[in-house]
Amino acid sequence: MVDTQRTLLLGNLAAVEGAIYAGMRFYAGYPITPSTEVAEGCSRELPKIGGRFIQMEDEISSIGAVVGASVSGMKAMTATSGPGFSLMQENIGYAYITETPCVVINVQRGGPSTGLPTKVSQSDTMQARWGPHGDYTAIVVAPSTVGDTVTETIRAFNLSERFRTPVVVLMDEIIGHQRELISLPKPGEHQVINRVKATVPPEEFQPFRLTANGVSPMAAYGEGYRTISTGLTHDPMGFTTNEPKEIKVKLDKLRNKIMDFRSEITKLRVEMMDDAEIAFVSYGSVSRAVLLAVALARSAGVKVGLVQLYTVWPFPDNKLRDYCQKCHKIIVPELNMGQIVHEIRRVMPPDTEIHSLQRYDGEILTPMQILEKLEEVM
Amino acid sequence: MATVEKTKSVEKQKSDVVLNYFRPRKKLPTVWCAGCGNGIVMSALIRAIDKLGYSKDEVAMVSGIGCTSRMPIYLDFSALHTTHGRALAFATGIKFAKPHMKVIVITGDGDCLAIGGNHFIHACRRNIDITAILINNHIYGMTGGQGSPTTPSGSISTTTPYGNVEKNFDPCKLAEAAGASFVARGTVYHTPQLEKAITKALDHNGFSLVEVISNCHTYYGRLNRRGDAVSMLNAFKENSVTTAKAKKLSPEEMEGKFLIGTLHEDDRTEFCDEYQKVVDAHMGEK
């Protein structure tokens with residue numbers, strides 16, 4: 001049977017497809033290489049389905065408008081890269097504290113500053129977790145192919161709606177600008193999660209009430225609840241507070257609503273790990289070169305495997321320890337000066353040898369380079 | 001005697017209207033200093049909303065950071081108290097997502113014209129149907145009296161201790177030049193006129209700005225020896241000229257005065273309406 005859904009698609013446009021599938025109907029953004037095709041795709045597609053696209057004056061206002069649309073009840077998204085991601089941080093922090101669902105796509109390029117607009121990098125891995133000031137917990141997902149980009153964007157929206165929090169999709173220039181033949185998901189193929197809406201009478205409603213799972217139902221503007229959202233630390237009503245007890249309750253809520261459900265959020269891909277003595281741990285486009293290197297090493301009889309992180313944050317401490325328990329050596333290839341490797345050092349037993357393989361000259365890590373590193377540590 | 005009674009009863013009705021719009025369960029008093037103009041603007045705004053008959057549910061009030069920006073927290077509308085300078089960006093998201101809502105931005109001179117200047121000119125340019133109420137007290141109040149983009153040249157603030165060497169903005173001229181389709185100025189002395197200006201602005205389809213000249217006697221007044229709240233309000237009375245009266249005055253007579261009233265009005269197309277035409281034309285296309 002001919003698969004009519006099969007299409008040659010650009011990674012950045014795969015993000016648009018995934019977002020629309022997940023119910024995104026509002027996009028606000030600002031052009032920046034290498035993410036611009038996400039905005040262009042949204043400007044073309046959203047009017048056709050009654051959605052809304054707006055090109056804002058900068059990235060600060062883009063994420064601002066996204067939050068405004070989300071509190072009004074829409075699933076909303078923006079996309080950017082390095083410098084734009086830096087500009088967005090304050091308002092992403094606003095989305096964390098006001099518990100506003102939204103998705104931010106960061107198609108990573110080299111930095112710091114203007115850096116390498118057209119070159120690949122994974123150097124925003126820590127920024128995606130720690131970008132806005134203050135205490136909070138972030139959810140960050142990372143696709144490695146064009147196909148992944150569709151499903152991970154859907155997952156990002158689902159997590160965002162489920163946990164009432166912004167979710168970052170950490171793409172990179174290679175994925176964003178790659179074209180691959182993929183099958184688009186059919187309606188019903190993936191679950192689509194919508195935020196839990198307020199049902200109690202308005203006079204009883206507390207927009208930030210602590211619930212059993214930590215996530216408060218949400219009321220959209222214009223639907224009778226007239227809630228407050230403020231970036232100031234607030235009590236369950238949304239009223240600003242300076243009470244130490246109430247402050248702690250709020251900050252604990254931001255962390256616990258995610259960390260208590262970490263196993264539901266983390267997602268890993270495991271290849272040839274059953275008898276592996278050496279493991280590669282990677283995420284994003286690098287994982288594809290690693291996969292080829294692992295296959296080549298296996299054909300030469302080396303017991304090596306791959307653990308790929310689809311969820312980068314929260315970090316999958318227990319799952320990674322479980323998968324790698326038989327490995328005495330771990331190699332962590334990254335397109336940066338070594339970022340996620342610190343998490344692996346934190347998580348693994350002290351007698352595990354952990355090697356960082358870094359590339360930060362704007363080029364990809366090739367399977368040959370990965371094999372060379374494997375030979376070196378063996 | 002009868003007149004006094006009548007006046008009292010009218011006053012009572014007016015204040016009752018205002019009380020109807022306070023947020024239930026929110027503890028008062030406000031963070032504002034005694035005599036602050038923000039309360040006068042708040043009650044004028046409420047009376048305007050009441051007069052236009054908007055339901056509480058169709059109003060969203062958005063603000064940034066500063067004394068002025070605390071206003072939405074006290075009122076019984078959907079409220080988004082956002083980051084410094086960015087209220088218009090968040091408000092754009094609300095209005096574009098729900099065009100039937102009445103979106104009002106409450107902002108100050110520092111919030112709107114310094115850190116938020118870019119969003120201000122682009123909201124004007126898009127002519128999106130948002131009403132911005134800019135309470136201009138010529139200084140940063142919440143952080144303790146620093147110079148703002150509207151601090152007059154030569155004035156004292158805690159960051160211009162030897163007199164402000166910078167030039168100050170005229171936000172109304174800026175808004176008109178950037179494309180806002182309704183621009184008015186009022187003061188906290190002229191309350192009936194202010195209520196009228198806000199009513200007109202809310203009723204206008206397109207971006208509307210009402211600049212309200214207000215008093216920060218705590219910082220601006222004290223540092224520049226302008227006296228208490230009452231003397232600052234009296235100065236607004238002395239120094240303001242209505243647009244009608246200004247036509248009869250020479251440039252020399254206008255020296256040191258400022259205009260109040262409707263300063264600009266046009267009927268250029270509104271952003272959400274124009275976007276809806278795009279949706280209507282392309283809806284359902286593959």
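This is a predicted model: local features need pLDDT of at least 70, side-chain atom pairs count only at pLDDT 80 or more; totals for chains, interfaces and linings use all residues.
Residues are numbered from 1 along each chain as its sequence is written, chains are lettered from A and ligands numbered from 1 in the order in which they are written, and side-chain values use heavy atoms, leaving out hydrogens and water.

User: How many aromatic pairs does a search of the whole structure find over all chains?
Analyst: Rings of Phe, Tyr and Trp (its six-membered ring) pair if their centres lie within 6.5 Å. Planes under 30 degrees apart count as stacked, over 60 as edge-to-face and the rest as tilted. Over all chains, the number of aromatic pairs found is 12.

User: What is the angle between the planes of A:Tyr27 and A:Phe53?
Analyst: The two rings form an aromatic pair, 5.7 Å centre to centre. The pair is stacked, and the angle between the planes is 5°.

User: How many residues apart in sequence are the parts that A:Tyr27 and A:Phe53 tie together?
Analyst: Strands here are DSSP runs (E, at least two residues), numbered from the N terminus. A:Tyr27 lies in strand E2 (residues 24–29) of chain A and A:Phe53 in strand E3 (residues 52–55) of chain A, so the parts tied together are apart in sequence by 26 residues.

User: Is B:Phe120 buried or exposed?
Analyst: Buried means under 20% relative accessible area, exposed over 50%, and partly exposed in between (1.4 Å probe, protein chains only). B:Phe120 has a relative accessible area of 0%, so this residue is buried.

User: Which residue has a ring under the charged end of A:Arg129?
Analyst: A charge sits over a ring if NZ of Lys or CZ of Arg is within 6 Å of the ring centre and within 35 degrees of the ring normal. The charged end of A:Arg129 is 3.7 Å from the centre of such a ring. That ring belongs to A:Trp130.

User: What distance separates the centres of domain 1 and domain 2 of chain A?
Analyst: Domain bounds come from an automatic or database domain assignment, with domain 1 at 6–183 and domain 2 at 267–377. Taken over C-alpha atoms, the centres of these domains of chain A are separated by 26 Å.

User: How many salt bridges does the rule find across the interface of domain 1 and domain 2 of chain A?
Analyst: A salt bridge is a side-chain nitrogen of Lys or Arg within 4 Å of a carboxyl oxygen of Asp or Glu. Across this interface of chain A, the number found is 3.

Key
Helices (H or I, at least four residues) and strands (E, at least two) are DSSP runs, numbered from the N terminus.
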